[in-house]
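Here are my notes for you on this chain. Keep the viewer open and follow along point by point.

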Amino acid sequence: MGLLSKIFGKDKPDNQTDGYENFWKWFQKHEQQFFKALKKKKDLEEDFFDELTSELKQLNDGFFFLAGMVDKNTAELIITADGNIKTIPFVEELVAVAPQLPNWHFTALKPASDISTANIQMGELTFNPENIHFYPNEHPEYPDEIDITIVYDHYEETLKDNILSGIYIFLDNFLGELRFATAVDNMTVTGREAGQPDLIPVTKLKDYLLWREKEFIEKSEVAFRNTENDNYSVLEAELTSGNRLLAVVNTDVLSWENKASHPWVMVIEIHFKGNEQTGMPDNETYQELEEIEENIGIALKAEDGYINIGRQTAESTRTIFYACKEFRKPAKTLKDAPVALGKDLQFNYAIYKDKYWRTFNRFVTTG
């Protein structure tokens, strides 16, 4: 219990904070060299980019950066998560403890910018407000889903990957990294086609998202779901491989009318060495898995906005499901688990927006 409580619980060591402090001490030692390189636009790779990339990767593999001159006396360093939800909280933490330096401005995540007259060039492709439009996709059964189709005038299927990259860069700059990563539930990109709804200029996308978000906030302001007296069901199935699937699910919460208050879903997978015939853990591994789940539950409580929906075990994998009010604390809680649990238990997790908890439809029985 000791090791796991340090990973997930209140006894978790503050190595991350120490890492941030060491990074900024290192940066201060070199900031004049970095400033001169940016200002002169000379030897940037050798004197700035390579060194900074190496230091940031030691803190977090998901850290990236942009840098440039704001004016002749001020450089800006933007630390970005490249839209990765699990990394955003750590970018914010790092920049929050940045030192005050006279020639530097530090920014967490790519900010929104005025791109009304801007062009983003990627090879032969150009992205600007003149050739990008959008229209919303309405889903009566999911009225709060923000699903949009981006229409790019020069879309070609053979250039799909490059076009997607260009659209993402454009929207990152237009909306800002945090807004783009958290406000849009689903997005597709296509060209102009017959039968499409009326196209809306992309410059109106901010206003559209703001309107939709205000509507949603009114439905999502529920502070607490008490799960103490909820009923749980044990579900069992046989997979095509012949192995068993065993699930324990809070079936009461799945019919809760206020799902929108917990729009973030966290799916945790723990891979173990299971029985070759059944895919189930032995007694020792089972106890380890129980201990891990218990400690996650201590760190992420229902009264704080993190509901343990249930778990399933099959094919040498324990999967734990949570619905969360927000994504920052779960990401911070689980960051060190993949390394700390060792080679016998392989740990990974995902956090994503799912306002209607469709992830859990597999556990809802009908008839």
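1. Let's start with one pair of residues. P136 stands opposite I148, which belongs to strand β7. Keep in mind as you look that this is a predicted model. The two strands involved are β6 (residues 132-136) and β7, joined by 5 bridges and running antiparallel.

2. Now look at the other partner of I148. In strand β8, I148 has M187 as its bridge partner. This time the strands, β7 and β8 (residues 186-190), pair in the parallel sense, again with 5 bridges.

3. How many residues of β7 are buried? In this strand (residues 147-152), 6 of the 6 are buried, so the rest of the structure largely encloses it.

4. Next, move along to the open sheet. It has 6 strands in the order β10-β11-β13-β14-β12-β15, with antiparallel pairing. Which strands sit at the edges? They are β10 (232-238) and β15 (346-353), each pairing on one side only. Neighbouring strands in this sheet are turned by 15 degrees against each other on average, ignoring direction.

5. Zoom in on one pairing within that sheet. Strand β12 (residues 264-271) and strand β14 (residues 317-324) are antiparallel partners over 8 bridges. If you want a single spot to check, I268 has I320 in β14 as its bridge partner.

6. There is a helix to go with this sheet. Helix α8 (residues 283-299) lies across β12, β13 (306-314), β14 and β15. Its direction makes an angle of about 10 degrees with β14.

7. T74 deserves a quick stop. It lies in strand β2 (residues 74-80). Beyond its neighbours within four places in sequence, T74 is in contact with F35, G68, M69, N103, W104 and H105. Compare that with H133: T74 and H133 are 59 residues apart in sequence, and their C-alpha atoms are 35 Å apart in space.

8. Most residues other than glycine have a negative phi. D82, however, is not a glycine and has a positive phi, near 55 degrees. W357 also has a positive phi, about 55 degrees, without being a glycine.

9. Are D82 and W357 buried or exposed? D82 is exposed, at 52% relative accessible area, and lies in the loop between β2 and α4 (88-96). W357, by contrast, counts as buried because its relative accessibility is 2%, with the cut-off set at under 20%. You'll find W357 in the segment after β15.

10. Finally, zoom out to the whole chain. It contains 10 helices and 15 strands, and its C-alpha trace spans about 65 × 60 × 40 Å along the principal axes. Of the 367 residues, 46% are buried. Among contacts with a separation of 6 or more, 70% are between residues 24 or more positions apart.

11. The accessible surface comes to about 19400 Å², and carbon and sulfur atoms account for 48% of that. The chain has 39 positive and 62 negative side chains, with the centres of the two sets 4 Å apart.

Notes: Residues are numbered from 1 along each chain as its sequence is written. This is a predicted model: local features need pLDDT of at least 70, side-chain atom pairs count only at pLDDT 80 or more; totals for chains, interfaces and linings use all residues. Side-chain values use heavy atoms; hydrogens and water are left out. Two strands pair if DSSP finds at least two bridges between them. Helices (H or I, at least four residues) and strands (E, at least two) are DSSP runs, numbered from the N terminus. Axes are lines fitted to C-alpha atoms, for helices over the stretch in contact, and angles run from 0 to 180 degrees between N-to-C directions. Contact means heavy atoms within 4.5 Å. Buried means under 20% relative accessible area, exposed over 50%, partly exposed in between (1.4 Å probe, protein chains only). Accessible areas come from the Shrake-Rupley method with a 1.4 Å probe; for residues, only the protein chains shown count as cover. Lys and Arg count as positive and Asp and Glu as negative; His and the chain ends are not counted. The place of a charge is taken as NZ of Lys, CZ of Arg, CG of Asp or CD of Glu.
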